[in-house]
Every structure is written in structure tokens, then in C-alpha cells.
Amino acid sequence: MTNLPKFIIQALRKGYLLLVIVLFSSLCSSCGAKARASRAETMFSSSSMVYDENGKLLADPDCRAYQYHAVAPTGDLVQDLITLGRKFIGKPYRYRGPSPWAMDCSGYVRYLFSCFGIHLRGSSADLAQVARSVRSPKPGDLLFFKGRNQRSSRIGHVALVVKVDGSRITMMHSTNSRGIVQEVLQSNAYFSSRYIRAGRLPHLERMYASYREAEAEHTPKPVPASAIAWQAPNLFSTPFFGCIEDGEVGEDVFAVSR
């Protein structure tokens with residue numbers, strides 16, 4: 001190789017270098033894809049889910065909600081979830097209390113589900129990735145919103161559906177100005193203008209699947225975007241009273257023991 005002209009030797013060296021760069025880039029891309037897939041797989045976990053004959057999801061009798069928070073079991077996990085959520089109404093934004101992590105908007109939702117053995121991870125945007133979009137939300141479903149930047153399509157806030165009455169949706173969520181509150185979505189100008197979609201967690205799919213046949217016969221009209229509109233004056237309708245985008249916090253959440 002030493003007898004080859006200098007320009008040929010330089011070209012060969014550049015070719016080797018280019019090959020190394022291409023191989024390295026390909027390896028990094030593959031590792032990144034595997035990491036993203038692994039993260040998606042661990043975004044939620046749960047113990048074995050148990051359903052009654054009517055398809056309702058049941059929680060372990062020894063779960064944290066019943067044993068620690070003294071929620072009276074009703075046989076309906078979603079209603080028990082809502083009962084637990086109401087115990088925190090009035091608590092400040094990022095309240096910790098019994099939770100191992102701060103209750104920002106996603107932290108509040110994650111803690112409620114964790115008390116029933118359903119462990120979720122990540123920000124509101126992460127929760128949106130595992131929640132299937134639904135046109136007609138039901139209690140226990142999640143509502144996703146834009147963050148403070150209304151021009152962005154990025155999800156920055158999440159709330160729990162408590163009640164649906166026609167097009168009116170009652171929700172519970174943790175806000176940075178008022179703490180944990182329950183309110184009608186359409187009565188809040190700030191959040192109704194930032195509403196993106198509703199989503200259902202995989203754990204509730206089977207429970208609501210048992211009602212689909214009946215719904216097919218009496219299908220309610222989907223909640224149109226125009227219905228998610230400001231319907232009453234609200235003192236907390238400025239960006240100052242919104243929710244800090246919890247995706248910026250970057251918290252890592254670990255499973256909670258019962």
C-alpha cells in the first residue's frame with residue numbers, strides 16, 4: 001500500500017472513515033429504537049386484572065386505596081377511583097402527602113391508579129401514548145390538553161373524567177393555581193380552549209367493551225369540539241391560572257408498593 005500514489009491512500013482512508021461513521025450511526029439508531037420501545041413497554045404496568053361477570057374491573061382487597069386511604073369498596077373500581085380522587089380536592093399543586101412523587105397533573109392521576117395496583121409512568125404526554133382515543137369519554141377516562149402555549153399541539157396537561165352528562169364533562173385535576181379541583185370542563189375557558197382529546201387506558205378497555213353492544217343500539221352523539229366551549233364566566237380563565245406543563249419536569253416514577 002506504501003507504493004500507491006498518495007491521493008489513492010488518502011481516498012482509501014476517507015472511505016474507511018466514512019464506513020465506520022455509517023456503521024456507528026446505524027448502531028446508535030438501532031439502540032435508540034430499542035430504548036424507545038422499552039420505554040413504551042414500561043410506561044404502565046399492573047398486577048393481574050380481575051373482572052366480575054359483568055365485566056367490571058376489580059381491585060385487590062388489600063390494595064392501598066382500601067387499606068391505607070380507607071376507601072369503602074363498592075365493587076366498581078372506577079367509582080372507588082373517583083372516591084379516592086375526591087379525598088385530595090383542595091390540596092395544593094405538587095402536593096406530596098402519602099405519594100412518593102409530587103402530584104402535578106400527571107402525578108395526581110398516576111397516584112390514584114397506583115393505589116389500585118395500576119402503575120403508570122411519565123408525563124401527561126406519556127400517558128396520552130398509552131391511552132386509546134375515544135369520542136365518547138366515560139368516568140375513569142383521561143382528558144388531554146395543550147399546555148400553556150396554546151399554539152403548540154403538544155400535550156401538557158391531563159385530567160380524570162368523573163362524570164359525563166350529555167356534552168358536559170366533569171373532571172378532577174391538579175392545577176398550579178388552585179391545586180386539586182373538580183369542575184365542569186365547559187365552565188373553564190382556559191382548559192376548554194386547550195382541550196385536545198379523551199383517552200382510555202388499556203386496563204379499562206375490557207370493562208367498557210361489555211357495554212359496546214348496548215351502545216351500538218343507543219349510540220350517544222360524540223362530544224364535538226364545539227361542545228367543549230366556554231359556557232360560563234370563570235375567574236381562572238387566564239394563562240396565569242393554567243397548568244404548568246408537567247412534561248418539562250421530567251420526573252421518573254417508580255412502582256408503588258401497596
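Two strands count as paired if DSSP finds at least two bridges between them; strands (E, at least two residues) and helices (H or I, at least four) are DSSP runs numbered from the N terminus. On that basis, 6 strands make an open, antiparallel sheet in the order E5-E10-E6-E7-E8-E9. The model is predicted, so local features need pLDDT of at least 70 and side-chain atom pairs pLDDT 80 or more, while totals for chains, interfaces and linings use all residues. Residues are numbered from 1 along each chain as its sequence is written, and side-chain values use heavy atoms, leaving out hydrogens and water.

**The sheet**
- E5 (132-134) and E9 (179-184) sit at the edges with a single partner strand each, so one side of each has no neighbour in the sheet.
- E7 (residues 155-165) and E8 (residues 168-175) run antiparallel, joined by 5 bridges; leucine 160 has methionine 172 in E8 as its bridge partner.

**Salt bridges**
- There are 4 salt bridges, taking a Lys or Arg side-chain nitrogen within 4 Å of an Asp or Glu carboxyl oxygen.
- Glutamate 205 pairs with arginine 132, closest N and O atoms 2.6 Å apart. This links distant parts of the chain, helix H7 (residues 202-209) and strand E5, 73 residues apart.
- Glutamate 205 is buried at 17% relative accessibility and arginine 132 partly exposed at 39% (buried is under 20% relative accessible area, exposed over 50%, partly exposed in between; 1.4 Å probe, protein chains only).
- Aspartate 141 pairs with arginine 200, with the closest N and O atoms 2.9 Å apart; both residues are buried.
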